[in-house]
Amino acid sequence: MENIREIAVQTDTQLAELYWKAFVAKSEISDYAQVIHRISGSEYKKGYRYERIYIRPIEEAIESGAEKSWQQDSFEQTVVKFNSAKAQFEKYSIVIDELEKIYKKYFWNRAFYVPAGHVHKSRDCSTCYDSTEFTWLPKYSGGSEEEIVNDAGEEACTVCYPSAPAEVLNRPSVIVTADKIAKAEAKAEREIAKAQREAKRIASSPTRDGATLVINVGERKTRYDNESRSFIKLESFRFEELKTERTARIWYVDQLSNLENKSEEKAEIIRESCEVIVSALAEKHGVEPEVVRDELNKKVEAKIKKSEKERKAWEEREARSQVFGRN
Ligand SMILES: [Zn+2]
């Protein structure tokens, strides 16, 4: 009996591949035939979804040649491809017939899987359609129905396997198919990419846990009061959300290097917000706040110096242009 199982697995493994190759060849034949009909100007009627149903046989179309002479070259190339796909298909069909003859001698058990569907005993199952795509499971060919049903679990078709016990049908399937592997791999890839994006976001955020920093920017919100015809300061401050460490650092340097024209109240609020940034960054990098503050304050000083230099250069230029006139 074990011998028959070996024959079954071997035969059906070859058949699975041959049916697939024949399917590919058949769709190529139909694609090339459409091109041949079109270039040769075959008459057609419109089918379902506006597909073209050509009336004359493909042989006649090949015989008649391209309708426009300048298309004759590409027409002939397509005919060569059509004939080669047809020859391939015929070759596969012969081998398939031979192998199916072996099967018809023994009629061993087979199992077919419909991706994202069920495991069936045959491709003629009443729950499937003509268009249903089956994946062969040649590993189970020649095996017992019990073995197939045990592995298929909840994926076993109850029409094909009516005697399958309920407790088996409630078990998850252990059948591994290419589409399941691909699905699992794609899911793992998506999860890795998501984790990487999240890690990157946290690394660039101004806080240790990836949260954004919300800080007061020192301006009170105002509301126009129609009765007194004036703006009234509200007891809330305008705030800003700093999403990255980079924007937090830039904000700190920009604000502290530009305090001179601001009111004392506003300057105070900005200093407080800068301290919020300092503590967040210190916590994130595990250093003392002074380390962060010193580093940032050096940049503030450099920026103040730079803008002072720019202001002096501008003043000198202005003074010169008043003496010599602008050019
Ligand atoms: Zn079925």
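## Contacts and overall form

In this predicted model, residues 24 or more positions apart account for 58% of the contacts in the protein with a separation of 6 or more, two residues being in contact if their C-beta atoms, placed from the backbone, lie within 7 Å. Residues are numbered from 1 along each chain as its sequence is written. Because the model is predicted, local features need pLDDT of at least 70 and side-chain atom pairs count only at pLDDT 80 or more, while totals for chains, interfaces and linings use all residues.

The protein has 9 helices and 7 strands, which are DSSP runs numbered from the N terminus (helices H or I, at least four residues; strands E, at least two). Its radius of gyration is 39 Å, well over the 20 Å that the globule rule gives for 327 residues, so the protein is more spread out than a compact globule; the radius is taken over C-alpha atoms, and the rule is 2.2 Å times the number of residues to the power 0.38. Along the principal axes, the C-alpha atoms fill a box of roughly 105 × 70 × 50 Å.

## Domains

The protein is divided into domain 1 (2-169) and domain 2 (213-324), with bounds that come from an automatic or database domain assignment. The centres of domain 1 and domain 2, taken over C-alpha atoms, are separated by 71 Å.

Of the 327 residues, 20% are buried, a residue being buried if 20 or more other C-beta atoms lie within 10 Å of its own, exposed if 12 or fewer, and partly exposed in between.

Ala248, Trp251, Tyr252, Val253, Gln255 and Leu256 are buried in α7. Not counting residues up to four places away in sequence, Cys274 touches Tyr252, Gln255 and Leu256.

## Glutamate 290

Glutamate 290 lies in helix α9 (residues 289-324) and counts as exposed because it has 11 C-beta neighbours inside 10 Å. Glutamate 290 and valine 278 are 12 residues apart in sequence and 8.3 Å apart in space, C-alpha to C-alpha.
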